[in-house]
Amino acid sequence: MKILVAVKRVVDYNVKIRVKSDQSGVDIANLKMSMNPFDEIALEEAVRIREKGLATEVIAVSCGPTQCQETLRTAMAIGADRGILVETSADVEPLGVAKILKALMDKEQPGLVILGKQAIDDDCNQTGQMLAALAQCGQATFAYKVDIGADHVNVVREIDGGLETLSLKLPAIITTDLRLNEPRYVTLPNIMKAKKKSLETITPETLGVDVTPRIKMLKVCDPPTRTAGTKVADVTALMDKLKNEAKVI
Ligand code: AMP
């Protein structure tokens, strides 16, 4: 069984982003880019499944500019067997990525596709769900635990106030939550080994996918700045402020 893992190149989670002065987006020039953290978890899970002998190959896929090659090399250093870059300079929306992944599912016939629950740049939380609809197969989002059987996969999901266990027929789509696993560190020998692994570059057009945006982003703005707090003398003064100024009680 092959496992397809979607890995997105995003601004590193430690970087404080700046909104452009004309509110047309976020300025990402010269910022540190990394693999989307939820995708690292997706990849780690896929590699663990292969290491247990329950999968034969882990294929990492990234859609975006040439620089996504770095993300794919990291994926291969973590343990993916090969990488596919679907190269485009367009800003690919979740529907476009889902169509690309569906075309790759048709080509590679994986038993499992694992994605992050959301990309930390657009926070869409849509791609996995759209892919499941396009591929007409079962989906388990926000995975907390994954158990592979012969022709099915059991997934424990994090839901409000508890956990839910689902059983899906393979092929299936899974999106990862934060507590599924702790991704391994990339080691230098594995970085060297990753350089020798196959990295194929194709375009959305060769897969027959139109990635023209359907959504127009109107503006991006910073959250309102917080006003400074004040110190109160005692609990009575605090209660008075909460009641009469903040009006929260
Ligand atoms: P989103 O729906 O944009 O929040 O993204 C959810 C997941 O879809 C991500 O965690 C990735 O696994 C996958 N994904 C989204 N965009 C891309 C992309 N450009 N390349 C590869 N995977 C992607």
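# A guided look at a predicted model

Visitor: Is strand E12 (residues 172-176) largely enclosed by the rest of the structure or largely open, and how many of its residues are buried?
Guide: The model we are looking at is predicted. A residue counts as buried when its relative accessible area is under 20%, and this is the test applied to each residue of E12. Strand E12 is largely enclosed by the rest of the structure, because the number of its five residues that are buried is five.

Visitor: Which residue of E12 is the bridge partner of valine 113?
Guide: Strands E8 and E12 pair in the parallel sense, and five bridges join them. Strand E9 (residues 138-148) also pairs with E12 in the parallel sense, over four bridges, and there glutamine 139 has isoleucine 173 as its bridge partner in E12. For valine 113, too, the bridge partner in E12 is isoleucine 173.

Visitor: Which residue in the turn between E10 and E11 has a positive phi?
Guide: Strand E10 (residues 152-159) pairs with strand E11 (residues 162-169) in the antiparallel sense over eight bridges, and within this pairing valine 153 has leucine 168 as its partner in E11. The two strands form a hairpin with two residues between them, and the turn residue with a positive phi, of about 75 degrees, is glycine 161.

Visitor: How far apart are the end C-alpha atoms of helix H1?
Guide: Helix H1 has 15 residues, and at 1.5 Å a residue they should span 21 Å. The computed distance agrees with this expectation, because the end C-alpha atoms are apart by 21 Å.

Visitor: Is glutamate 44 buried or exposed?
Guide: Glutamate 44 is found in helix H1. Leaving aside neighbours within four places in sequence, glutamate 44 is in contact with Ile78, Asn181, Glu182, Pro183 and Arg184. Because its relative accessibility is 2%, glutamate 44 counts as buried.

Visitor: Which residue, with a positive phi, follows H3?
Guide: Helix H3 (residues 94-108) has 15 residues that should span 21 Å at 1.5 Å a residue, and its end C-alpha atoms are 20 Å apart, which agrees. Its buried residues include Val97, Ile100, Leu101 and Leu104. The residue that follows H3, with a phi near 50 degrees, is glutamine 109.

Visitor: How many residues apart are lysine 8 and aspartate 121?
Guide: Side chains of opposite charge can pair when their charged atoms come close. Lysine 8 forms a salt bridge with aspartate 121, and their closest N and O atoms are 3.2 Å apart. The pair links distant parts of the chain, with lysine 8 in the loop between strand E1 (2-6) and strand E2 (9-11) and aspartate 121 in the loop between strand E8 (112-116) and helix H4 (127-135), and the separation in residues is 113.

Visitor: In which helix does arginine 50, the partner of aspartate 81, lie?
Guide: The salt bridge between aspartate 81 and arginine 50 has an N to O distance of 3.0 Å. This pair also links distant parts of the chain, 31 residues apart, with aspartate 81 in the loop between helix H2 (68-78) and strand E7 (82-87) and arginine 50 in helix H1.

Visitor: What is the volume of the second largest pocket?
Guide: Rolling a probe the size of a water molecule over the atoms shows where empty space is left. Residues lining the second largest pocket include Arg9, Tyr13, Met33, Glu40 and Thr74, and strand E5 (33-35) and H2 each supply at least two residues of the lining. The volume of this pocket is about 200 Å³.

Key: Residues are numbered from 1 along each chain as its sequence is written. This is a predicted model: local features need pLDDT of at least 70, side-chain atom pairs count only at pLDDT 80 or more; totals for chains, interfaces and linings use all residues. Side-chain values use heavy atoms; hydrogens and water are left out. A salt bridge is a side-chain nitrogen of Lys or Arg within 4 Å of a carboxyl oxygen of Asp or Glu. Two strands pair if DSSP finds at least two bridges between them. The expected span of a helix is 1.5 Å times one less than its number of residues. Buried means under 20% relative accessible area, exposed over 50%, partly exposed in between (1.4 Å probe, protein chains only). Contact means heavy atoms within 4.5 Å. On a 1 Å grid over the protein atoms alone, a cavity is a set of points where a 1.4 Å probe fits but cannot get out, and a pocket is an open set with protein on both sides within 12 Å along at least five of seven lines; lining residues have an atom within 4 Å of a point. Grid points are joined across faces, edges and corners, and a volume is the space filled by probe spheres set on the points.
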